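Have a look at it first, and then we'll go through it part by part.

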Amino acid sequence: MASAVVLTPDPKQGQSDAASAAIRSVTERHTRIALIGNPNSGKSSLFNQLTGLNQKVGNFPGVTVDRKTGVAQLTLHHRADIIDLPGTYSLYPKSLDEKVITDLLYERDSSEYPDFVVVTADASNLKRNLLLFTQLADLQLPMVLALNMMDTAEQHGIQIDVAELQQQLGVPVIPMNARKGVGVTALKIVMAQELGPPSQTFYETSDELLPMIRQIRYYFNLHNDYLALHYAHQYERLKFLSADDKAYIHELRQKYGFDSVALQAQETIDRYARISELLLDVVRVTRAEKNESYSNKIDRVLTHKVWGYLIFLSILFLLFQAIFAWAELPMDLIDQGVAWLGGQVKSLGEGPLIDLLSDGIIAGLGGVLMFIPQIALLFAFIAVLEESGYMARVTFMMDKIMRKFGLNGKSVVPLISGMACAVPAIMSARTIENWKDRIITIFVVPLMSCSARIPVYTVLVAFVVPERTVLGVFNLQGVALMGLYLLGFVSAVLSAWALKTLLRAKERSFFIMEFPVYRWPRWKNVGLTIVEKVKAFVFQAGKIIVAISVLLWVLASYGPGDSLVKAEQQARSEAAQKQLTPEQTDNLIAAHKLENSYAGVFGRTIEPAVRPLGFDWKVSIALLTSFAAREVFVGTISTIYSVGQDADMSTVQEKLRAEKDEFGQPFFTPARAASLLVFYVFAMQCVSTLATTYRETKGWTWPLLQLGYMSGLAYVMSLLVYQLLK
Amino acid sequence: MPTLSVASATTSRSVKDLRLGETGTICCLKDPEMALKLLEMGCIPGTQVTLSGRAPLGCPITLHVDGEYTLSLRVSEAATIMLKD
């Protein structure tokens with residue numbers, strides 16, 4: 001083992017060494033390397049430094065945990081698959097995320113089993129970070145310790161004798177600063193070598209338990225005692241053990257009086273004792289710091305009773321501004337670009353294939369691409385808040401309030417983002433580790449009024465509330481709009497509370513977390529987060545959105561038998577009678593065609609069901625098309641009432657006002673409009689959201705429950721409103 | 001069997017009772033399951049902890065552990081960490 005190289009993280013030397021290694025190795029090598037470390041130990045930064053844009057996000061089999069992998073070029077001829085495992089404090093898992101790690105490390109014959117482990121540790125907090133390291137070392141995995149954040153340690157007056165630490169730990173130790181890329185070259189050189197298992201062990205099982213451990217070890221043919229001890233602790237959840245295997249371990253546990261919780265606690269205490277002892281010769285703190293740290297000083301302002309909340313509100317305001325105002329231009333550009341593309345395709349000729357391509361696939365694709373600016377901006381904001389350490393403070397300030405409603409301090413961000421768009425909001429709920437809190441958050445987020453409801457609200461609110469100023473300053477329609485947002489928020493919070501009482505927790509909820517120090521965000525990390533989230537949205541949610549859009553297009557463009565042809569003929573003769581302009585004629589044809597299409601038939605079929613809410617078959621069609629995305633409402637209404645697709649709001653409103661019911665009275669009465677408004681507040685009319693919930697919960701249960709619950713709520717509330725106001 | 005500093009003890013004060021800025025030494029952890037998590041996060045018996053902050057509504061709180069790092073935890077969790085007299 002060329003440990004001399006290891007100790008000199010000099011980039012130049014590193015490169016020359018890499019070159020000579022390349023000459024030596026004739027065949028190309030491919031290694032599987034796992035990246036493990038405490039949360040906040042700079043693991044993600046290191047992963048980004050090693051792999052750059054060569055990253056992929058997938059799933060661990062059978063669990064709802066993201067599996068981040070990437071490829072690192074170690075030397076000219078040596079590439080390594082790097083897997084970034086979730087941050088953890090120990091090998092005894094407490095959350096679903098952490099279970100992924102032991103699942104990977106227990107099964108030595110698995111094709112996924114790493115050849116090599118890189119353990120990241122925060123040098124400024126070495127004692128606690130070494131706990132996980134010593135556990136991994138006792139599993140006898142070949143490994144290297146990436147001693148990260150050397151700069152922070154230095155600022156704290158902590159000096160680490162790296163050579164001595166390497167001696168004590170029995171593995172190569174690379175001092176580094178992953179955020180700035182310092183030490184990465186040296187690390188790659190070590191990673192390219194073939195290392196043996198660590199030469200030190202850190203924990204011995206007690207003599208009384210040794211016979212039991214040995215029996216397990218030989219029974220399962222394991223390579224060391226510590227792994228056997230883990231089998232004894234975790235046997236119940238090891239999927240690769242048969243029922244007989246489990247019964248065998250269970251019996252042994254009974255026989256030896258194996259108290260899992262007490263033994264784990266004692267092991268942790270013993271390990272800390274051992275670590276404290278070995279660090280005596282390694283770490284020297286030269287400056288007994290009595291000064292308050294800068295993080296504490298910042299916290300006194302940012303988590304202040306008054307200033308804390310005010311600053312948080314200002315940041316929210318900025319976030320809204322970004323999502324509504326700054327995203328508008330790129331969204332318009334994408335919209336126009338997609339429309340242009342559709343137009344280009346249409347100009348190629350006529351026929352169902354062209355229509356499918358332009359009105360079905362390209363329009364559906366537009367619905368996906370449109371959201372990219374909002375998603376990118378939202379995640380840029382969230383990444384910066386997360387990277388800087390501020391998000392932990394928001395969680396801290398809001399936890400008590402949110403807990404009352406079955407939510408969690410960490411639910412604040414998704415709920416707020418939900419007012420822009422539920423899709424990125426649901427994705428951002430990943431930061432919530434607790435399963436129950438996260439599911440509740442995901443479930444209620446779509447009740448927050450998102451930006452797609454704005455056009456619907458604007459068109460309809462005029463039928464309920466007159467344009468008038470009250471109390472001198474308040475525009476009555478503005479107040480009504482705010483009321484709709486409030487209605488969404490209140491229903492989200494109350495639904496969360498209801499769900500809290502219904503759901504049983506899968507795992508125990510811990511709030512306890514490390515409070516990270518404030519740091520400037522690394523733009524590379526922010527950039528990679530944006531790329532990752534946008535990719536996830538486009539490729540995973542995108543597929544479903546496009547599929548449903550195509551389906552809706554088919555329903556709206558085709559009808560039973562030759563009904564559409566007849567409808568067009570009828571519309572033409574009607575237009576000729578009334579002497580309409582070509583444009584008006586086209587609009588009339590479109591309206592008649594829609595009426596006779598499968599969508600129109602569907603509208604008539606469900607009309608009896610929505611009649612108590614005050615809706616007719618025309619509104620039903622709009623409800624159906626809105627299922628893909630609620631912003632389609634205005635467009636569909638325009639087609640049904642033959643306004644033409646490009647009409648602005650006031651034209652649409654005029655048309656709606658002119659619409660008469662069977663008694664010749666105006667159809668859109670305040671009661672009907674209010675009922676429709678309330679329906680749009682509650683109804684789950686967004687395929688993108690359902691697709692995202694499906695992706696995030698890895699199953700159809702939650703999206704279907706969400707659909708059922710919100711549709712039911714919408715129906716009942718609309719019914720109440722219409723019957724009361726009628 | 002290893003004896004447990006995790007089992008309940010007779011001491012009366014817990015981390016919950018610390019005043020802002022006050023430092024105490026951990027004696028033992030009351031709730032065994034919570035103890036595993038706390039131990040992993042460095043709350044080992046004998047470690048010095050300082051109450052460094054409270055959220056505006058009184059919960060959660062922040063604890064400075066061993067002069068090295070800060071943890072944030074709920075008051076109910078802090079109540080399981082007992083202090084030496």
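## Starting inside: L165(A) and the cores

Let's begin with one residue, L165(A). Setting aside neighbours within four places in sequence, L165(A) touches L126(A), L145(A), L147(A), I160(A), V173(A), L278(A), L279(A) and V282(A), where a contact means heavy atoms within 4.5 Å. Two of these names come back in the largest nonpolar core: L165(A) and L145(A) are among the residues with the most contacts inside that core, along with F133(A), L169(A) and I216(A). The core has 90 residues in total. Here, a nonpolar core is a set of buried Ala, Val, Leu, Ile, Met, Phe, Trp, Tyr and Cys residues joined through side-chain atoms within 4.5 Å. Apart from it there is another core, this one of 75 residues, including A322(A), F381(A), I416(A) and A496(A).

## What kind of model this is

This is a predicted model, so local features need pLDDT of at least 70 and side-chain atom pairs count only at pLDDT 80 or more, while totals for chains, interfaces and linings use all residues. Residues are numbered from 1 along each chain as its sequence is written, chains are lettered from A and ligands numbered from 1 in the order in which they are written, and side-chain values use heavy atoms, with hydrogens and water left out.

## Chain A as a whole

Stepping back, chain A has 726 residues, and 53% of them count as buried. Buried means under 20% relative accessible area, exposed means over 50%, and partly exposed is in between (1.4 Å probe, protein chains only). The chain contains 33 helices and 12 strands; these are DSSP runs numbered from the N terminus, with helices (H or I) of at least four residues and strands (E) of at least two. Its C-alpha trace spans about 95 × 60 × 55 Å along the principal axes.

Of the contacts in chain A with a separation of 6 or more, 74% are between residues 24 or more positions apart. The accessible surface of chain A comes to about 32,600 Å², and carbon and sulfur atoms account for 60% of that. Accessible areas come from the Shrake-Rupley method with a 1.4 Å probe, and for residues only the protein chains shown count as cover.

## A nonpolar patch outside

On the surface, V301(A), V306(A), W307(A), L310(A) and L313(A) form a nonpolar patch with about 470 Å² of accessible area together. Patches are made of residues with over 30% relative accessible area and no salt bridge, joining nonpolar side chains (Val, Leu, Ile, Met, Phe, Trp, Tyr) within 5 Å and like charges within 9 Å. Helix α14 (residues 307-326) of chain A gives the largest share of the patch, 3 residues. L310(A) sits in that helix and is partly exposed, with a relative accessible area of 41%.

How much area do chain B and chain A bury between them? The figure is about 3,700 Å², with 64% of it on carbon and sulfur atoms. Buried area is the accessible area (1.4 Å probe) that two parts lose on being put together, summed over both. E40(B), P56(B) and R74(B) supply 20% of the area that chain B buries against chain A, more than any other three residues. The contact takes 42 residues from chain A and 36 residues from chain B.

The interface of chain B and chain A also has 2 salt bridges. A salt bridge is a side-chain nitrogen of Lys or Arg within 4 Å of a carboxyl oxygen of Asp or Glu. K127(A) forms one with D66(B), the closest N and O atoms being 3.3 Å apart.

## Salt bridges within chain A

Over all chains, the count comes to 23 salt bridges. D299(A) pairs with R393(A), with the closest N and O atoms 2.9 Å apart. This pair links distant parts of the chain, 94 residues apart: D299(A) lies in helix α13 (residues 294-302) and R393(A) in helix α18 (residues 390-403). Both D299(A) and R393(A) are buried. D225(A) and R217(A) form another salt bridge, with closest N and O atoms 2.9 Å apart; D225(A) counts as buried at 17% relative accessibility, and R217(A) does too at 19%.

E574(A) and K578(A) meet in a salt bridge as well, at 3.5 Å from N to O. They are separated by about one helical turn, because they are 4 residues apart in helix α25 (residues 563-578) of chain A. E574(A) is partly exposed at 22%, and K578(A) counts as exposed at 53%. Finally, D103(A), R237(A) and K239(A) are linked in a network of salt bridges.
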